[in-house]
Amino acid sequence: MRWIDIICFSAKNILSGGRKAVLSILAVGVGIFALCLISGMGDTAAAEIEARVSETGLGGLTVYPVKSGQHAISEEDLAHLSTDIAGLKAVTPFSVETGTLSCRGKTQTAALIGVSAHISDVFDLRLLYGSYFTAADLAGSHPVILIDDALAQKLYERRNITGKVLTFSVNGVRFEAKIVGIIASQKQGLESMIGVSLPSLVYIPYTFLNQVTGHTKTDQIAISCFSAYDENSVANQVIRYLTLQNQVKYKCENLNAYISELQEILQILQVFIRAVAGISLLVGGIGITNSMLYTVDARRSDIGVCKALGEPKHSILLRFLTEAVILCLLGGILGLFMTELTVNLIDHYFTVHLQIPTHTIQSSLSLALFCGVLSGLLPAYKAAALDPIDVIVR
């Protein structure tokens with residue numbers, strides 16, 4: 001029997017199946033729908049979390065004293081770390097002071113972060129306008145600052161406000177600082193992750209911040225490493241040197257490790273979500289197997305006649321297998337249609353924007369095909385193994 005004949009014969013049997021065929025197709029369709037929709041929701045949630053983490057600009061490693069308030073890291077220490085620690089890509093002081101920001105008659109809380117010109121080599125910042133600090137800014141302790149676009153929008157109702165001057169007060173010391181660069185907002189990503197309102201983040205040369213606070217040294221630093229080196233090993237070298245040099249105990253916080261762990265957790269959750277959604281597809285496949293077994297019993301006489309007329313076993317096997325595959329593929333198409341309809345409804349009536357990736361659609365159809373083959377094997381073998389004499393006698 002030719003393939004076209006097998007397909008036509010299988011399609012005819014499906015059409016004559018009535019409600020059983022419709023329910024089988026619906027069972028697989030619901031399984032594919034659940035798989036696509038739940039996988040899409042998981043992928044959307046994971047992408048949103050990763051986007052929030054990326055917005056924060058978090059990265060690198062921070063090294064700070066066990067006992068807070070110990071400003072012991074000198075310029076010589078920073079120079080030594082930059083040149084003599086193998087695998088160290090960049091190092092910047094990371095001093096944080098809380099103060100107030102005044103602009104156009106309004107005052108708000110601000111966190112001033114003292115850093116060096118290597119800030120972009122340590123943190124994953126995205127410069128939108130202007131420039132980062134220069135070596136001259138650090139050497140001359142210039143009162144220049146970097147702010148994010150959210151703060152710029154809040155102060156002047158536009159994002160690019162480079163050249164503007166803001167007034168700050170830190171520990172009773174009042175000063176003015178010029179905006180030299182605008183970076184993408186970090187505050188919004190941090191707030192969405194921890195659920196707490198934060199002060200505006202303002203980056204300033206650490207040399208100038210030390211003048212304001214009266215410190216000659218810094219208390220903590222942030223470092224980044226080359227990809228070929230182990231971050232923890234490099235951090236241990238830094239801690240060992242600073243501890244011996246300053247007689248102060250230090251510890252390290254690996255922000256990159258936290259981000260990697262979060263990404264691994266998200267991947268595990270996505271696999272778990274797909275596995276749970278796949279159970280509904282399994283149920284649909286079992287339903288088709290049960291329906292096809294009933295069909296074999298109902299067509300015993302037809303199968304016996306066909307075998308008595310000389311139809312080979314493999315032809316009968318292919319007919320029933322093809323019928324199961326067609327049922328599952330129709331269910332898969334129905335499930336994709338239901339998914340597309342649901343996604344459009346969610347986009348229209350809710351603020352959530354779901355996206356079903358192309359690979360999810362392709363894998364869903366592949367799973368439907370696999371489900372058809374798997375669920376049709378047992379009924380097909382049962383039909384092919386029937387004895388025509390025994391069938392006709394009965």
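Predicted model: local features only at pLDDT ≥ 70, side-chain atom pairs only at ≥ 80, totals over all residues.

Colleague: Which residue in β10 is the bridge partner of V91?
Modeller: Strand β2 and strand β10 (residues 221-225) run antiparallel and are joined by five bridges. Within β10, the partner of V91 is I223.

Colleague: How many bridges join β3 to β4?
Modeller: Strand β3 comprises residues 95-103 and strand β4 residues 106-115, and the two run antiparallel. In this pairing, E97 is placed opposite L112 of β4. The number of bridges joining β3 to β4 is nine.

Colleague: Which residue in the turn between β3 and β4 has a positive phi?
Modeller: The two strands form a hairpin, with two residues between them. In that turn, a positive phi of about 55° belongs to R104.

Colleague: Which residue in β7 stands opposite T100?
Modeller: Strand β3 is also joined to strand β7 (residues 165-170), by three bridges in an antiparallel arrangement. S102 faces T167 of β7. For T100, the residue opposite in β7 is S169.

Colleague: What is the bridge partner of L166 in β8?
Modeller: Strand β7 pairs with strand β8 (residues 173-183) in the antiparallel sense, over six bridges. These strands form a hairpin with two residues between them, and N171 in the turn has a positive phi of about 55°. The partner of L166 in β8 is A177.

Colleague: At what angle do the axes of α11 and α12 cross?
Modeller: Helix α11 spans residues 300-308 and helix α12 residues 313-349, and their axes come within 10 Å. The crossing is right-handed. The angle between the axes is roughly 145°.

Colleague: How many charged residues does the contact of α11 with α12 have?
Modeller: From α11, the residues involved are I303, C306 and K307, which meet K313, I316, R319 and F320 in α12. By class, four residues of the contact are nonpolar and none is polar. The charged residues number three.

Colleague: Which helix supplies the largest share of the lining of the second largest pocket?
Modeller: This pocket holds about 220 Å³ of space. Both α10 (255-298) and α13 (358-384) supply at least two residues of its lining. The largest share is six residues, and the helix that supplies them is α10.

Colleague: How many nonpolar residues does the lining of the second largest pocket have?
Modeller: The lining includes L35, L281, I286, L367 and F370. G278, G285, T289 and S375 are also among the lining residues. By class, the lining has four polar and no charged residues, while the nonpolar residues number eight.

Key:
Residues numbered from 1 in each chain as written. Heavy atoms only, no water. Axes fitted to C-alpha atoms, helices over the stretch in contact; angles between N-to-C directions. Helix = DSSP H or I, 4+ residues; strand = E, 2+ residues; numbered from the N terminus. Left-handed = near helix turned anticlockwise from the far one by under 90°. Contact = heavy atoms within 4.5 Å. Nonpolar A, V, L, I, M, F, W, Y, C, P; charged D, E, K, R; others polar. Pairing = 2+ DSSP bridges. 1 Å grid on protein atoms, 1.4 Å probe; cavity = no way out; pocket = protein on both sides within 12 Å on 5 of 7 lines; lining within 4 Å. Points joined across faces, edges and corners; volume = space filled by probe spheres on them.
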